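Dear colleague,

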Amino acid sequence: CVCVCVCVCLEQRQDLLHLKAQAADDMNADMRRTKSEWERSLESQAESAPTTTTASKTSSLKREATPTIWPSTVVHQFDAHESDVSALCFSPDGTCLATGGSDRVVKVWTLKPDMQSVDPKCAVLSGNKASVMSVQFDPQCRVVLAASNDNTARLWTISEGK
C-alpha cells in the first residue's frame, strides 16, 4: 500500500513539474509578445516626440532632430548570454559591466578604455538555479550581488569567481 502511494505521489509530482514548466514557457512567450508591443509603442512615441533645442560649442543654438527620450545609435552590441539578458549594472568606477540572464549565469565584463566596447573575456559566475533578475556591484568593485528567481541572493567575489 505504501509503495503504491509513493509511486502515485511521484507520478503526480512529475505531472505538476511538467505543468509548472509549461506555465513558465507560456509566461515567457507572453512576456516576449508584451515586450515586442512595448518596443513598438516606444518607437511610435519616439517618432512623435518633440525635438529639443540645446546650446552647442560650435553654434549658439542647435536644433536636435532626435527625440531626447530615445537613443539614436547603438554604440556597441555583443552577445552576452545564451538567452535573455534580464539584469545589468555598471561598476561604480565605470570599468566593468555585470550582466545576468535567464541562462542562470552572471558575467562580469571589462569595458575597454574607449568605453565603446567590452573585452571578449569575462568572468563567468555560475551556480544559480533560475534566471538572474538583478545584479549590483559593491562600492569597491570586488564583489557582485546577484538575485535569482530561485529565491536566492548570491554574493560573488569577482577575482575568485565564487
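The notes below go from the whole chain to the sheet, the cores and the salt bridges.

Please keep in mind that this is a predicted model, in which local features need a pLDDT of at least 70 and side-chain atom pairs count only at pLDDT 80 or more, while totals for chains, interfaces and linings use all residues. Residues are numbered from 1 along each chain as its sequence is written, and side-chain values use heavy atoms, with hydrogens and water left out.

The protein chain contains one helix and nine strands, where helices (H or I, at least four residues) and strands (E, at least two) are DSSP runs numbered from the N terminus. Read from the N terminus, the order of the elements is α-β-β-β-β-β-β-β-β-β. Of the 162 residues, 26% count as buried, a word that here means under 20% relative accessible area, whereas exposed means over 50% and partly exposed lies in between (1.4 Å probe, protein chains only).

Strand β8 (residues 143–148) is joined to β9 by six bridges, and V144 stands opposite W156 in β9. As background, strands of a sheet pair through backbone hydrogen bonds, either parallel or antiparallel.

The largest nonpolar core has 14 residues, of which A98, V106, V108, V135, F137, V144 and A146 touch the most other members. Such a core is a set of buried Ala, Val, Leu, Ile, Met, Phe, Trp, Tyr and Cys residues joined through side-chain atoms within 4.5 Å. At least two residues of this core come from each of β3 (85–90), β4 (96–101), β5 (105–111), β7 and β8, and β7 gives the most, with three residues. A second, separate core of five residues includes A80, L97, W109 and L111.

S131 is found in the loop between β6 (118–126) and β7, and at 18% relative accessibility S131 counts as buried. Beyond its neighbours within four places in sequence, S131 is in contact with G101, S102, R104, A147, S148 and N149.

The structure holds two salt bridges, each being a side-chain nitrogen of Lys or Arg within 4 Å of a carboxyl oxygen of Asp or Glu. In one of them R33 is bridged to D30, with the closest N and O atoms 2.1 Å apart; both residues lie in helix α1 (residues 2–48), three residues apart, about one turn of the helix. R33 is partly exposed, with a relative accessible area of 48%, and D30 is likewise partly exposed, at 38%. Elsewhere, the side chains of R154 and D150 meet in a salt bridge (3.1 Å, N to O). R154 counts as buried at 18% relative accessibility, and D150 is buried with a relative accessible area of 18%.

With kind regards

Notes
Pairing = 2+ DSSP bridges. Contact = heavy atoms within 4.5 Å.
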